[in-house]
Amino acid sequence: MTPPSVPISILTVEDDAGQRRSIVDYLEDSGFIVHEAASGEEGFNLFRQRRPDLVITDLNMENGHGLDLIPLLREESPHTPIIVLSGTGMVNDAVEAMKRGAWDFITKPVLRLSQLEDICHTVLSRANELKKQQQSSETDKNAFNHLQMHDALTGLPNRLQLSELFQKQTAMGRRLCLILIDLNNFKVVNANFGHQIANNLLCQVATRLKAICSNRDTLAHLGGDEFAILTIFCDTRVKYLVSLIKDAFCLPFAAHEQELFVSANLGISRWPGDGNGVEDLLRCANIAIRKSGERSRTTVQFYDPAFGEHVRGRIEMETSLRRALERDEFILHFQPQIDVVSGRMAGVETLVRWQRSAGNLVPPSDFIPLLEESGLIIPVGEWILKQACTQYVEWQKAGLPPFTLSVNISAPQFKSGTLPGTIVKILEETGMSPDCLCLELTESIVMDDIEENITTLTKLRNLGISLSIDDFGTGYSSLSYLRRMPVTELKIDRSFISTIPHDQNNTAIVNSIISMAQCMKLRVVAEGVETDDQLQHLARCQCQMVQGYYFSKPLSPQSFLEFCRE
C-alpha cells in the first residue's frame, strides 16, 4: 500500500543492526519517516523526543526485554500503535506483549518486508478509527476490544483474534489446517484504480470468502492482500473448501463500472506437523505460496518442509543484494557485437555481474529476478546505465572509434515513468553522445501496455538514442504495432540461432525475421552465435550484426579494450 501524502513517522527499536537497517531502508523507500534505536532505553528516550505515529520493537534484545518497553510507551501515549517482532517459537511472548498493550505482532525472520508495511497500515487505520470515535464519544470497553480483534476495513477477525482462536482449538486437541490466500496483482489494482476501489475489492473478496465458510471455519483478514481461513483438518473438507475458494475467484469483481478478474495463490499448512503456533503456520503457508511462483492464475500449494531451505537461501541472497550496491559488489562485463560484412567490432552489450564478498560470481539468473521482485532493480539499473556510459567515454578517450553501447532495461525501470529523465541526467553527467546509446527491451515489456509504451518509447527515441527489442521471436509482437513503435533494432533470441542452419523450423523463423526487419529498415543483431556454420548462414541472409562466444565471451572493461586493439 502507498503511504498517505502526509508523512508518517515510525520508531524502530531493534538491536540487530542488519535487521534494523533492512526495516528502516524499506520503510523509508516506502515514504515513511523512520527513527531508529538499538535498545529499549534509547527507544524510550527517542519516543519522548520524537512522538512517532507508530512503534515497531523487537521483544528479545540483549540490553533489556521489549516487554518492559511496552507499558512505558503506553503510559506516555496510550493510543500510539505498537507492533512487536518476535522470534520463531516466541508466540507466548508475543501474546503477552499484546496483553501489555501491543497492537499486533509479526514473527522473525520477516519473509516479506511488504507484509510489515501492510501491518503498519492496518494498525494505523485502527488508530485513526479509534481517534475518530473518541472525538465523537467515549468508546466503551467492548467497542475497543472489538477494534483490537477485528479488521477495520472488512470487519473480519484480525491476526490477534486468529491467534487466540488457534490457541483455543489446539487446547482441545483438534487437528487444524490453515489456508493462506494471497491476492495476485493487488498492488497493480491499487496503483491503477486508487485506494477506494482497491479497498472495495478487498471487501468484495471478504464477502465471497465469508459466504463459503461454515461456522467451523474462521476467516481472517491479515492486512493488505492477505486473508486466512483456519479450519478443522479433514482431507475431504479441505479439498472441498479449496474448490469453493477457487470458484470464488472465477467470477469477475466490480470496479468502478468495470469488471476485474483477480486470481489468488493458496498456501496450506497443517497443525500439528508444520509448526507450534499460528505464526508458524502462516510462515509455512507463505513459503508454499512463494514456492509456487505463479501470479497469473489461482494456484494451490501445500507446505513441504523441503521448501524452507529454498526460501531461506532466497532471503539471505536478497539481504545481501540490498548491500551489494553500496559495497561496490556489482561489476560490468561487455560482449562485443561484430559487423558481419567488415568483421570489425561495431557494438557491445553491457552485462551486469555480482561478485560477492567471498569472491565468487553469482549467475545473473539467480539474482536479476530477486532485484526485480524487491524493487532494487531501479537503483541498480540506474547504476548500470551510468557506469556503462562512464566506461564508454573512457574508452573513447583511450582512442577507440565510436560504436553502439547497448544496455538492457528491466520492466520496472521502463514502467517507473522516470526513465527518460534518468537517461537525460546520465547523458549530461557522463558526456556520452546519445546516438551511441541503445536501450534493449524485451518483447514482453513493450507489448504489455502498447499505447502507453509507444508514448514512452517515443520520448526515449526523441532523445537521440536507439531502441532494440531483445529476445525477438519469443514473445507475441504484433506486426501492426511493431510498425508504430520507434524501434531501430531487432535482436534475434539465441534459442533460434543455436540450431541453425540444421533445424529447418528455426532457420525459417530466422530468415523471416531478417527479411521483415529489412523491409522495415531495422538493424538485426543475432545473439548466441557459436559456430562458423551459424555465422555463414546469417551472412547469406544479410544479418548486419552478430555476437556470441564464437567471437568473444563477455569481457572486463580492460579485456574489452585489449580485444578492440588486437
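Tutor: This is a predicted model. Helix α14 (residues 377–397) packs with helix α16 (residues 419–430) at an angle of about 30°, and their axes are 10 Å apart.

Student: What does that make α14 and α16 relative to each other, roughly parallel or roughly antiparallel?

Tutor: Angles under 35 degrees count as roughly parallel, so α14 and α16 are roughly parallel to each other. α14 passes α16 in a right-handed crossing.

Student: Which residues in α14 meet α16?

Tutor: On α14, they are Glu 382, Leu 385, Lys 386, Cys 389, Thr 390 and Val 393. Their partners in α16 are Leu 419, Thr 422, Ile 423, Lys 425, Ile 426, Glu 429 and Thr 430. By type, the residues of this contact between α14 and α16 are 6 nonpolar, 3 polar and 4 charged.

Student: Now cavities. How many of 30 Å³ or more are there in the whole structure?

Tutor: The search finds 2. The largest cavity holds about 110 Å³ of space. It is lined by 13 residues, and Leu 111, Gln 115, Arg 159, Glu 279 and Arg 283 are the closest to its centre.

Student: Which element supplies the largest share of that lining?

Tutor: α11, with 4 residues. β7 (104–108) and α11 (278–292) each supply at least two.

Student: And what is the volume of the second largest cavity?

Tutor: About 40 Å³. Its lining includes Gln 115, Arg 159, Asp 118 and Glu 226. α5 gives the most to this lining, with 3 residues.

Student: How do the residues of that lining divide?

Tutor: The second largest cavity is lined by 2 nonpolar, 2 polar and 5 charged residues.

Notes. Residues numbered from 1 in each chain as written. Predicted model: local features only at pLDDT ≥ 70, side-chain atom pairs only at ≥ 80, totals over all residues. Heavy atoms only, no water. Axes fitted to C-alpha atoms, helices over the stretch in contact; angles between N-to-C directions. Parallel < 35°, antiparallel > 145°, perpendicular 65-115°, else oblique. Left-handed = near helix turned anticlockwise from the far one by under 90°. Contact = heavy atoms within 4.5 Å. Nonpolar A, V, L, I, M, F, W, Y, C, P; charged D, E, K, R; others polar. 1 Å grid on protein atoms, 1.4 Å probe; cavity = no way out; pocket = protein on both sides within 12 Å on 5 of 7 lines; lining within 4 Å. Points joined across faces, edges and corners; volume = space filled by probe spheres on them.
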